[in-house]
Every structure is written in structure tokens, then in C-alpha cells.
Amino acid sequence: MANPLTLYVPIKQDAVSQAAAQLAYQNFVKSVTSGLDESGIVHYARVALIPNASGQGTYAILLITTFDGPMNPYLGFFWKNPGTQQAFAGIAAIALTPPNPPVKDLTGFENFINKNNLSKSASPGKPGDLYEAYTKTVKEITSTAKELVLPKQSV
Amino acid sequence: MTKTNNNSIPDKSNIQGMILRGFTHPYSCHLIFQFNDKPGAKNFIKSIFPYIQSAESWGDAKPDIMLNIGLTYSGIKATSDLSETYLEYFPNSFIEGPTSAGSQGSLNDWGVSDPSGWAFGNDTDEQHVDCIVHTYAMTDETRALIVSIVSDAAKANGLTEFLPIDNGTKRLEEYALMPRNFIHFAYLDGIDQPDLTWNDPADPNDTGDLRNFLIGYPLSDSGPGPTGDNPAGDFAKDGCYNAFRMLYQDVKVFDEFLIANAPKAPKEIQQTPEYAQEWIAAKLNGRWRNGSPLELSPNAPDVATSHATDFGYKGDTTGMKCPFAAHTRVGNPRDEVLNSSEPSPVPRLIRRGMAYGAPPTLKSYDGERGLIGLFLCGSIATQFELLYSWMNTTNFASTFTSQQGQDGLIANRDTPGADRSFNIPTADGSITIDSLPHFVITRGTAYCLLPSISTLKSIAG
Ligand code: HEM
């Protein structure tokens, strides 16, 4: 079963934080690709900058992913990977409300992600908020894709 | 991150006993409480404090009665002087508890195990648990004595007690007449435990290194949490988490399953119907009922291997000896190659559980019975919940033909998308069992911290 993460973090308005948000946005795909590839459980991950109502500058960072299985047991993997750690720690560093506890270790990371997650995974007795068009896992999809691709290449 | 004292040897007299050793007292009773107010809660801990057993050796003087205490997050909130700021330093899985969407992503208590039907531990005001007292005794009389000491103290201090057996009338008690270490479904349990060691220097590759279980000596910045020199870190130091689960075992469904599927076993196994049933039971678990691992004794149980723990799965990449989804192969895949998202080496759990309820009689399966599950770990999310999630969805290694398969014994079969089939490879081809039933149903859960003795003393005042 896939689960959603919608990390919504309002950020500080000073020039340094605003510039850091732009940088995090521009570097996002580059910094997370190898970690997410290696994990083999993330379907899609995207980041967006939510503008201030005035149209000037960024109000919040929004990071949306859909992944296979539960989230918390796997946060250790994303914390250990330098690219994904950097991406998340970068967002935590410019958060308007400083994370408590600080995002300096896995516990801080786990708590920061959970506190700022707007999504609700489906759980017994409680409906979730994710629509799924298919139930295949990333592993299943990528292995089928390889099977489909290989014969073509050998022609 | 602070890594102070990473190498200073923990003081056994400050650690609750069950963390370092399994108690062998034949009688145990697990009393589950909700506090009423802070003074009552503190006074309750004070009243039972003298009976706490530490991890120090008792030499020849084995205590006749003793206890250990667990506090949930709400129990800590109710009894400690930690401010909101430092309460938030506990890991999210512990704070939010077992019914949270985060934890349920791993536990998957769907359908028959839905938390709304639990006897304790769901997130309603009436059902939330603050404290569990694990009492141990040498005789039936002294069991009654220690239980009354605890329950009298609870009454005197306004605590509400949960009685999870027989519609709220009985306590959760170990079934003392069970042969030593056997559990329902007639398996030997408690064989393979992490070899708890204090390595000097610390060894991040040794999953038995005590630092993986005991809070306050982190091997890395992955915990266990809360970490660091702060009030929360001090409060939790020398403690360990206990994921406490009351798991009903449906022996009738299990026995009928073995009888119904035994004829599928290969011809050479069909010497007697009983032997074929034993074979199916072994394939579901990965060990024969006497304890022999299938990897070492693939064809028959053997007393010589019944307690063996030194083996791996590398030589069995087809599952011909032990099916991939056998309970013990999922709970500890040992040297198997796992997906890159999985930790290496595989995390371990300290299991201190025991059976409750009498086994069925020849005439009737009526009655409540199962496992009092005590799963001790330094990280609920990355140890206990990780392994639980593997049991409910076997997507942790590419050896599984179905990434949505389940472990043979305990998985929740109503997990959305679950593939309930079970595959037993044999020399004559695979035997497929189309749909595994619910052998195990959750009756209640609480995530507790087993705090250090000095922390409990500070609560007692
Ligand atoms: C009623 C429920 C359960 C039953 C009947 C059961 C039964 C067993 C049995 C018979 C063994 C083999 C004995 C041994 O290796 O010590 C075992 C091992 C084990 N079980 Fe369970 N179990 C249950 C619940 C759980 C749960 C909830 C977990 C945790 C997620 C778990 C994790 C393990 C682990 C880690 C091992 C050791 C595997 C190894 O190191 O080889 N079990 N269990």
C-alpha cells in the first residue's frame, strides 16, 4: 500500500532564508535523486514554493511524495543518505518555527517530518486522503519495466 | 549531537531487570493502568518502588516476588516534571502511540484486530494506558501477594485498572502450567535473542550491542532517542522501550488449517497425518515445534538442533528448506540479501513474552488464549515497527515473488492489498496455500518506556 507525505513548512522571511529556499528548490531533484533511486520505495517526489499573498517572496515550502509501505521505519534510510538528509535539514534550517527537538539526529528528523506532515495515511477505522490508480510497488513496476525494455534493446 | 558517555559502562543497578535478562519465574501477571491524577500516580509508583528488580545479579537469592514498570508517553506526561518542550524530544512513534496512522502503517491492525475492539490501548480517553506493571513470582501464593500489593496501591491512589480477559473480569496472567518456553500453537519460543554485549569500543555492526537497546549511549546519530544532554535525555537514560502487545491466538483455526493442508505435503512426508501437519507447522514458522531450525534440520525435528541459533539463509536461496515467508525468516533474515532501503545488519528485538490462557482441551477450544508480547527495543520505529511491517508486507527482499506477501504466522490478513498466499518450495515443485487465515488477532497494545531505576525514584519522590 502506498502512503503520502505532504511536508508543509512556512519559512522565515529574511533575505538569507528566502535565498536558501530558492536554492533548495533549484537543487531538489539533483540532491535527492540518488537517495530516492537507491531506496526503491518512492514513486514520486516533488517540491514547490508557496508564494506570499503579496506575490513577493516565499511563504512556505511544500514537499510531496508517495512511497510504498510505512514511513517511520524508513526515515533512518533517508536520514543516513547525504543528499536526502541535506534536502530535509535545509528546509528545517529555515523553518519559521524552529523545529523542537532540533533536526540534528534521527529522532529530531522523525519528529520534524511527522509534525509538519499534512497528509493522513489510511489506517484502521480512519480513512486516508490518497487516491491510488494502481497498487503495484516501485520495485514491481521497475522490474516489469526492465523486462519490457530489454527485448527491444536486443533487437 | 551529544555522544557523551557512549563508552561509560551502564550501571546494572540502574537498569530494570527484564531488559538484560529473561526472568524465569513461573508466574507473571501484567497489570495495566490509567492514572487519575499526578499525586496519585506518583504515590502509586512510590508504593510499589521497593519491589522493582534491577538488572544486577541476585546470586543465590532469587527473589520470590518482584516487578518492573513501564510508562507510556501519557504516563510520563502525567508523572514527570518534564516541560512540553522536552516531552517533544521523545520519538514521534512513542509520542503518538500504536493507534496513530504512522504506527498502523506497520502494525496494520485491520478488520478483526481494529483498535476500536481492543481491551486496552486505543486512543480514546477511556482506553488510553499510562502504566503497565509486570509482576513475577515463584509460587501461586506469592503471585497473588505481589498482585494484591500492586492492585491495592492502585486502588488507594485512584488508578483505573484494565482487565483484558473474559469481558473485563480478569487480569492478563501468564499460563503457568505451560511447558517451559512453549507458547500456544505448541511451538518452543524464546530461542533466538540478541546476544546483548557491551563492546568496547562500541561496534555499530553488532546488533546485539546494548547501545541499540539502552537509551543514552547512541552508536550514531540514529539514536536511540531522546538523545543528548537535556532533561528528556536524562529522564530516558538507561531506559528501553517495550512494545507491549496482547495477541490472541486462534488455536482452532490453526489446528484446522494444519489438518486441511497436510495432504498437500510431498509424498515422503505423508508417513502419518500428524507428521505432515508438523511439517506444515514448521514451514509456517521456520522452526519445527521443538525449535529445530529448518535450515539445519530440514526433514525432521532433532533434539540436537532444538536450540540452535548459528545458521544463515544464504545456502537456501530457493526457500527449499525454509520458505522465505516463514515467521522466523521474516523476523530475522540473517545473512539474506535485502533491498537497498533496508538496514544492514538486520535490527533485533529482545523478546520477553509468554503465553496466557489455558490450551484447548480435547473437547473444546473455548476460552481466551494467546501471547503476552513484550518486544524490547531502543527504537520503536526502526526496530519493532520495521520488523512488523515486513511481516505484514514482505517487500523487503527481492527473493519474494510477491512483494505484497505476508509472514506465515502473525500477519494481519486484512492488510489492504495483501497477498495472503503462502508458498512452500519443494523438490517436486511449489506447494501454494491460496489464502492464509487470521491465526493471530490483536487485543491491545501499549508503547512503554521501561525507565531507569533512578528515574522511577525521582517520580516516586
Ligand atoms: C502470537 C504471535 C506470535 C507467535 C505465535 C510467534 C512465534 C514465534 C516462534 C515460535 C518463534 C521461534 C522461536 C525463536 O526463534 O525464539 C519466533 C521467533 C521470532 N519472532 Fe515471533 N511470534 C509471534 C509474534 C511476534 C511478533 C509480533 C514479532 C515482532 C514483530 C515477532 C518477532 C519474532 C522474532 C524477531 C523472532 C526471532 C527470529 C530469529 O531470530 O530467528 N514475533 N516467534
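Two strands count as paired if DSSP finds at least two bridges between them, and the strands themselves (E, at least two residues), like the helices (H or I, at least four residues), are DSSP runs numbered from the N terminus. The exercises below concern a predicted model, in which local features need pLDDT of at least 70 and side-chain atom pairs count only at pLDDT 80 or more, while totals for chains, interfaces and linings use all residues. Residues are numbered from 1 along each chain as its sequence is written, chains are lettered from A and ligands numbered from 1 in the order in which they are written, and side-chain values use heavy atoms, with hydrogens and water left out.

**Exercise 1. Strands of chain A**

Task: Work out how strand 3 of chain A pairs with strand 1 and with strand 2.

Solution: Begin with the inventory, which gives five helices and three strands in chain A, following the pattern β-α-β-β-α-α-α-α along the sequence. Next, take strand 1 of chain A, which pairs with strand 3 (residues 58-68) in the antiparallel sense over nine bridges; within this part of the chain, N3(A) has F67(A) in strand 3 as its bridge partner. Then turn to strand 2 (residues 42-51) of chain A, which is joined to strand 3 by nine bridges and also runs antiparallel to it, with Y44(A) having T66(A) as its bridge partner. The hairpin of strand 2 and strand 3 of chain A has six residues between the strands, and there G55(A) takes a positive phi near 90°. Finally, consider burial, where buried means under 20% relative accessible area, exposed over 50%, and partly exposed in between (1.4 Å probe, protein chains only). Seven of the nine residues of strand 1 (residues 2-10) of chain A are buried, so this strand is largely enclosed by the rest of the structure.

**Exercise 2. The second largest pocket**

Task: Find which domains of chain B give residues to the lining of the second largest pocket.

Solution: First recall that a pocket, on a 1 Å grid over the protein atoms alone, is an open set of points where a 1.4 Å probe fits, with protein on both sides within 12 Å along at least five of seven lines, and that lining residues have an atom within 4 Å of a point. The second largest pocket has a volume of about 670 Å³, and of its 29 lining residues the closest to the centre are K80(A), N212(B), S220(B), S222(B) and P343(B). Now look at the domains, whose bounds come from an automatic or database domain assignment: chain B is divided into domain 1 (12-177 + 219-234 + 448-460) and domain 2 (247-444). Both domains of chain B give residues to the lining, so the pocket lies between them.

**Exercise 3. A loop of chain B**

Task: Locate N212(B) and list the residues that N212(B) touches.

Solution: N212(B) lies in the loop between strand 7 (187-188) and helix 8 (231-236) of chain B. Taking contact as heavy atoms within 4.5 Å, and not counting residues up to four places away in sequence, N212(B) touches D206(B), T207(B), L219(B), P224(B), G378(B) and Q383(B). One of these, P224(B), lies in the loop between strand 7 and helix 8 of chain B, and a cis peptide bond with omega of about 5° joins G223(B) to P224(B).

Methods
Points joined across faces, edges and corners; volume = space filled by probe spheres on them.
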